[in-house]
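Student: Can you walk me through this one? I have not looked at it before.
Tutor: Open it up and ask as we go.
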Amino acid sequence: MNVRAAEPITVDDVRIGSYSLETLTTGMYEDPLHCVREYIQNAYDAIRAARSDGTLPADGGLVTVAVSGSASRPTLSIRDNGTGISSADAIGTLVSIGASRKRPNINAGFRGIGRLAGVAYCATLRFTTSFKGEPIATVVEFDCGKLRGYMRPGVDAQDVREVIRLCVLTGNVPAKEEDHFTEVEMVGLTGIGLEFAEVPRLIPYLRQVCPVDYSDRFQQAARIRAYSDSLGYAIGAIEVEIRYKRERTQILKAYDDSSPTSQKPSIVSGVEFIDSAELGWHGWLGVSNFNGEITDGMVAGPRFRVKNIQVGGSEIIEELGAELTLGGTEGRLQRWAVGEIFITNPAVVPNARRDGFEDSTAWRDIRKDIKLRVAKRVVTLVRTASKTRSKMKSLALEITSIASSVGRPDIDEATISRLLKQIDRVMEKLRPEKLPGVDPNELGELVSRLKAVKERLLEIRSRPPKDSAGGEGAGGGQQQGDNPQGDATSSGDTKGQGESGNAGASQGGTETRQGRQWSAEELLAALRSVLVRELGQDEADRLYEIALEKLNSE
C-alpha cells in the first residue's frame, strides 16, 4: 500500500501524561542520595556564574547543607550564595521541566530535570531564591504528596502542565538588596528520604561527589592542583559545609596519605600524571605500596569527574580493568589504587543519572585510551609492588644475616671488609628508585638497621688489636704457655677441637641456641650466609629470591 504521511500535527495533539513525572523523580536514581548531588551541582553552577560576573571573588562561594527539624520529621536544606534567580525569571525557571537554558560545555547541570529529584523523598519541596539588587526573594513550593498521588498506578493520567499547576504554590518574602542565594528545602523527609538526615552516612557521600578541594592530610594535593592548572583546567573547587545541630563540618575530598586495606595500610608516596590533550582528559594515580584492596569506599579505585563532580563510582574503571583479560581478573585490582580522571572534552556528557556517560564516538575513544593507559597501568603498579615486597623480605633477611655475622666473637679484618662491601651492595639495592611501590616506612627501617650494622662494624675495626694475652691479635697459633690467661681459643690444641677455628666457632654458635628452636628468620639468615660463602653474592641473591617467591606463592 503506497500511502504517504504529509499532514503535520498540532501542539494540542501532544499530551505528556503525569506518569512521566515518575521517571524524573522516584525512578531516576539508584541511590536516593544522588538527588542531594543534583542540588549541589546546581549550586556549583550558580557559584561559578557569580564568580564569572563579579558577584563573588574568584575563590568565593559557599554551599551549606543543613539537617534540622525533629527526628521523626527532619528537613534537609541546600543553600548557596551564587547568583540566584531574578524575580522575573524565578517561577518560570523553577517549574519548567527539561527546559534549561544552561550550556553543557559551561555548566555541570544542563537538562533541567534534576530539581524535581526531591519530590520522591519529602512532603514539601521548597525553593527560595534572591537576585542581587532586588528587595524580595521568590518562593516556589511543590506539594510532593499530592504530586506523587498523580503518579500512582490506576490514577487517570493528566497533562503534566496541569498537574504542576495543581501542586505548586508561589510567593514572595522580603530580602536584602545585597543578598543573592538559592535555597532548596526538603521539608518533612519521609520513607527512604529519612536517610538524608543520617549525618554519618551523608558526609562520606558528599566527600565523594562534591566539587570540593583536597584535605591537608593529602600531601600530593598541591602537585595535583599545579598539574591541572598547567594544563589550563583548574580543578575549580568550591566550599561545602554540613550543619547539624550546632556543629559545622567542612566537606573535603577523602584522599589521604594512608588508605586502609585488609592488610597493612596503603601509603601514597607520590603521584603519576597521565593526560591526552587530543582526546580531552587528564588524571593522576597515587603511587603507593599497594598492600591490598582499599577498604575505604570513598577513595577505592580511580574516579571519573566532570567539572570536579564525580560521575559514577569505582565501577567504571573496574569495568575497564576487567576488559583487559578474558577472565576479567584485572578489574578487582583497580580498587588497590586511588586516583582521579578529569574529563574535559565537551563532547563527552554524563548520562541523566550521572552514573556513567552517554554513548558517543568521543566517549568510546576516551574509554579505550583510559583502559590502556590508566587501568592497565594500575595492574602494572600493583604487580610491581608485589615483586618489591618479595625483594624487601629478601633484603631484610640479608641484613639479619649480616648483623648475625657482626655479632660473632671471632670476627676478623677480612670478614669485616667482606661485610662492609656486602652492606654497600645492599644499600644500593635499597635506593627508592630501584624499589617501585615500596613502603617508605619499611624502607626507612631497613636503611636505619643497615646503617647501624655498618657503624658497629666500623667501631669494631677501630678497636686496637689485642696483645699477646688476647690470643688472636698475636697470631692465634701461640702455645698455651704464652697465654697467662689460659684462653682456650689460643691454646696449642685448638685444632684438636675440630678441623679449623671456624668449625669451633660454629659449634659454639649452635650451643648458644640449645634449649630453644631457631626462628624462621634466623634459619633463613643462616642459610643465606652459607649460600653467599659457597656460591658468591650474585648467585646467592638469585637463588634466594627464587626460594622466597616459591614460599610466598604457597
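Student: What order do the strands of the open sheet have?
Tutor: The eight strands run 5-4-3-6-2-1-7-8, with mixed pairing. Strands (E, at least two residues) and helices (H or I, at least four) are DSSP runs numbered from the N terminus, and two strands pair if DSSP finds at least two bridges between them. This is a predicted model, where local features need pLDDT of at least 70, side-chain atom pairs count only at pLDDT 80 or more, and totals for chains, interfaces and linings use all residues. Residues are numbered from 1 along each chain as its sequence is written, and side-chain values use heavy atoms, without hydrogens and water.
Student: Which strands stand at the edges?
Tutor: Strand 5 (168-174) and strand 8 (247-251) do; each has a single partner strand, so one side of each is left without a neighbour in the sheet.
Student: And how many bridges join strand 3 to strand 6?
Tutor: Eight, between residues 122-130 and residues 181-189, and the two strands run antiparallel. Thr128 stands opposite Glu183 in strand 6.
Student: Switching to helices: at what angle do helix 11 and helix 12 cross?
Tutor: Roughly 160°, and their axes come within 10 Å. Axes are lines fitted to C-alpha atoms, for helices over the stretch in contact (heavy atoms within 4.5 Å), and angles run from 0 to 180 degrees between N-to-C directions. Helix 11 and helix 12 are therefore roughly antiparallel (over 145 degrees).
Student: Which residues make the contact?
Tutor: Among them are Ile416 and Leu420 of helix 11, and Leu450 and Leu457 of helix 12.

Methods
Parallel < 35°, antiparallel > 145°, perpendicular 65-115°, else oblique.
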